[in-house]
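Please open the model in your viewer and keep the selection tool at hand.

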Amino acid sequence: MQTGSQALSGLRRLSSIATKSEPFSVYIHWPYCSSKCTYCNFNKYVDPLVDHERMQASLLRELKTELKHWNLDQRSRPIRSIYFGGGTPSLAKPAMFQSILETLDDMCNMSQDTEITMEVNPSSTTSVETLKALREIGINRYSLGVQSFQAHILKELGRDHTPSSALRSLRDARAVWPGRVSMDLIMGHAGQTLSDWIKELRFTLDVVDDHLSLYHLTVERGTALHRDVAQGKILLPDHELASDMYDAMIEITEDVGFEHYEVSNFARNRAYSLHNSGHWLGIDYLGIGPGAHGRVRDPITGDLFRTFNIRDPAGWMRQCTEQGTGCRRRVAIEPDEFKQELIVLGMRTSRGIELSRFYQLTGQDLMKYLNKEATESCLSAGLLRVTPAKVYPTERGMAVADELVARLLP
Ligand code: SF4
């Protein structure tokens, strides 16, 4: 019989072999915004005196250090995706994107298939010429934070763009990256009725490209929205209305050919986000920039680590200068924690979890790991499907993904 430590070392060997040619992703965090949205709890700063040169130099320094540390500067592991997020990366200079992409191209295995996304705030986009210049640099996917096409909602959210600037940005981006533009939209605003939401969604579907991320407005601690809700100044839709909005969203997006491939994500013409789906599939990703975090496997031992960077840009830049990286902690991920993470993420996707992939990454038979009784009851309740190759949630299962996972975990 296998002991716990034998199983663990077997798993590490297995995972180490599995990762030798496995793709990985890179996330780059640009932490600055022109103003703060009322609902946002991301790591962002409003600073009129951003030191662009120092920021760029620090990002490059950390990128090189981390690529070497994790042995990712090897041609054997292709880059699946690169994601410039924030904050508002569209406030950065084009030279920042160019230098990062040139460095990755020099040190790693980048190809035509590498998805390179830039997150954009409509207020910080300029001319079609600028967009074309970004495309020349290598950006091949564009994610626009529209959030709403209603002026009063944008005002409530503290967004600094207008419906017309969002429409213009979307139109320009679609002209430069046809089929590769995503946009975010938020539902569940104060006073929003079901018919308001349906109207907003139908309007959006008339103008959107092939990818859409739809989120419920969530109240995060430490935000202006949290304070206003706590003081009773703002009343958000109750659970029943929020759930009706979700159901309407599923029905209406499906009618116009969008596939609901993750709880909050919809794609047409298979325009899935490679970057996000990489997280759900358990693919390694490097986190670069203030407050970024990553999940990377040690190339020698096969142990999996979560990395956490210093959040404050000044402190992060200082440590990058002194130590080559602004990483403040590398924490080993326990095998059980990783298995549960794969299940939590997989049950949010229509694709679910492939049994062979789960075994490749964890050395565990998924069907033996899941709670047997719960699996059977979720199957008969129509929340889950099991085939010889995979386990996946039904549309109804995805709608209650958190509850489904809570039942399935051992
Ligand atoms: S633009 Fe994005 S990151 Fe910046 S405050 Fe608004 S939601 Fe947060």
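At what angle do helix H7 and helix H9 pack, and how far apart are their axes? Select residues 194-207 for H7 and residues 239-255 for H9, and you have two helices that pack at an angle of about 30 degrees with their axes 10 Å apart. This is a predicted model, in which local features need pLDDT of at least 70 and side-chain atom pairs count only at pLDDT 80 or more, while totals for chains, interfaces and linings use all residues. Residues are numbered from 1 along each chain as its sequence is written, and side-chain values use heavy atoms, with hydrogens and water left out.

Next, show the side chains between this pair. Leu194, Trp197, Ile198, Leu201, Arg202 and Leu205 in H7 meet Leu241, Asp244, Met245, Ala248, Met249, Ile252 and Thr253 in H9, where contact means heavy atoms within 4.5 Å. H7 passes H9 in a right-handed crossing, the near helix being turned clockwise from the far one by less than a right angle.

Now move to the second pair, selecting residues 52-69 for helix H2 and residues 94-107 for helix H3, which pack at an angle of about 20 degrees with their axes 10 Å apart. That angle makes H2 roughly parallel to H3, a term for angles under 35 degrees. On the H2 side, select Gln56, Leu59, Leu60, Leu63, Lys64, Leu67 and Lys68, which meet Ala95, Met96, Ser99, Ile100, Thr103, Leu104 and Met107 in H3. Coloured by class, the residues of this contact of H2 with H3 divide into nine nonpolar, three polar and two charged.

Terms used: Axes are lines fitted to C-alpha atoms, for helices over the stretch in contact, and angles run from 0 to 180 degrees between N-to-C directions. Helices (H or I, at least four residues) and strands (E, at least two) are DSSP runs, numbered from the N terminus. Angles under 35 degrees count as roughly parallel, over 145 as roughly antiparallel, 65 to 115 as roughly perpendicular and the rest as oblique. Ala, Val, Leu, Ile, Met, Phe, Trp, Tyr, Cys and Pro count as nonpolar, Asp, Glu, Lys and Arg as charged, and the others, Gly among them, as polar.
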